[in-house]
Amino acid sequence: MKLTKLLAATAICALGAGMAYAEGAKIFVIGGKPDDPFWGIVKRGAEDAGKLAEAQGGSVTWLGPQNYDNLGVDAAELIRQAIDQGATGIVGPNWVPEAMDPAFKAVVDAGIPLVIYNAGGIEAADRLGAMNYVGAVDYKAGVAGGEYLGKAGGKSGVCINSLPGAANIEDYCRGFGDGITAAGGKVDVLPLPATAQGNVTAVAQAIKAYLLEHPEIDSVFTTANLDAVGAVQGIAQAGMEGKVKLCGVNFDAAILDQIDKGTQACAIDQQGYQQGFYAVSILNGYVNYGLTIPTREILTGPGIVDAVNIKATLAGAEQGTR
């Protein structure tokens, strides 16, 4: 069944490739909100790949929500906007499948080549009839964090979920739980309202309160950049700096500085720049020349950034690619 769907999707995409060739690829990329540090790196990768698309007569347009309050519905609307604006290729994350899948299926039904990236995995790409998946496997990223903190002696952890209902965030927490449990620990999940993500003060206050109520916690796992910044503050405000270790998904200059100073143990690297760059490159090559990538799952993570490789990672951050 999967093979049949893939062949059908490929045939549809081939028609789109032939029609778009004369004008160059008109690629739309669905991503995070404008001030999200992680998504700024993904956008940089997409735009760098877009320079080639523009040189060939095409374009790359970034579409992102203004906030994450109604993520699935808003993202689905952005996908439909891309269709309406004449996209000849669309890149998007499968954050909230129940809300976004109908919009993605409309992309494929319209004969527009689709690449899923960042969230959803190859399972989402197969289910939706997309060409490929580019990104990390969110569950495995969580496992990596749990195993890391477990090996460092963690026995009681908490995963901070500031986007309840988002499948990729829930996969991070599930993976973290399995990773630390395998090392002999136990895990709880602290759900926060979506308005808390990106709000350093709100996250710090929530983590401080949680730690004061649960003094046995020795490991914290965050699922967004600024949540890790808030976590460091909350741990310090609870008087548990040095007792509680922190690992989180993604990083930016502030997080790398925390790792360099020792207030954060590690970050899980999913290489957002590569996600944007590869996804756009795949579509641009396909639409213009019918090029395909035999590997239908291009993994960009998870990797670990800690004290061992922090200096090299900082060098990449200075160039805007890490």
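**Entry 1: Val-29 and the cores**

I began with Val-29 and looked up its contacts, meaning heavy atoms within 4.5 Å; leaving aside neighbours within four places in sequence, I found Ala-46, Val-60, Thr-61, Trp-62, Leu-63, Val-91, Tyr-117 and Val-280 in contact with Val-29. The model is a predicted one, in which local features need pLDDT of at least 70 and side-chain atom pairs count only at pLDDT 80 or more, while totals for chains, interfaces and linings use all residues. I also noted that residues are numbered from 1 along each chain as its sequence is written, and that side-chain values use heavy atoms, with hydrogens and water left out.

Which residues touch the most other members of the largest nonpolar core? They are Val-29 and Tyr-117, in a core of 67 residues. For my own reference, a nonpolar core is a set of buried Ala, Val, Leu, Ile, Met, Phe, Trp, Tyr and Cys residues joined through side-chain atoms within 4.5 Å, and buried means under 20% relative accessible area, exposed over 50% and partly exposed in between, with a 1.4 Å probe and protein chains only.

**Entry 2: The whole chain**

I then looked up the helices (DSSP runs of H or I, at least four residues) and the strands (runs of E, at least two), both numbered from the N terminus, and the protein has 12 of each. Along its principal axes the C-alpha trace spans about 65 × 40 × 35 Å.

Of the 322 residues, 54% count as buried. Among contacts between residues at least 6 apart in sequence, I noted that 75% join residues at least 24 apart.

**Entry 3: Backbone details**

As a reminder to myself, most residues other than glycine have a negative phi, and most peptide bonds are trans. Where is a cis peptide bond found? One joins Gly-301 and Pro-302, with omega at about 10°, and Pro-302 sits in the loop between strand 11 (297-299) and strand 12 (303-305).

Asn-118 has a positive phi of about 70° although it is not a glycine, and its place is the loop between strand 4 (114-117) and helix 5 (121-128). Gln-271, also not a glycine, has a positive phi of about 50° and belongs to the loop between strand 10 (266-269) and helix 11 (272-289). I checked their accessibility too: Asn-118 counts as buried because its relative accessibility is 3%, whereas Gln-271, at 31%, counts as partly exposed.

**Entry 4: Two more residues**

Is Pro-113 buried or exposed? Pro-113 is buried, because its relative accessible area is 0%, and I located it in the loop between helix 4 (97-109) and strand 4. From Pro-113 to Arg-174, 61 residues apart along the chain, the C-alpha atoms are separated by 32 Å.

Ala-317 lies in helix 12 (residues 310-318) and is partly exposed, with a relative accessible area of 22%. Not counting residues up to four places away in sequence, Ala-317 touches Leu-256 and Arg-322.
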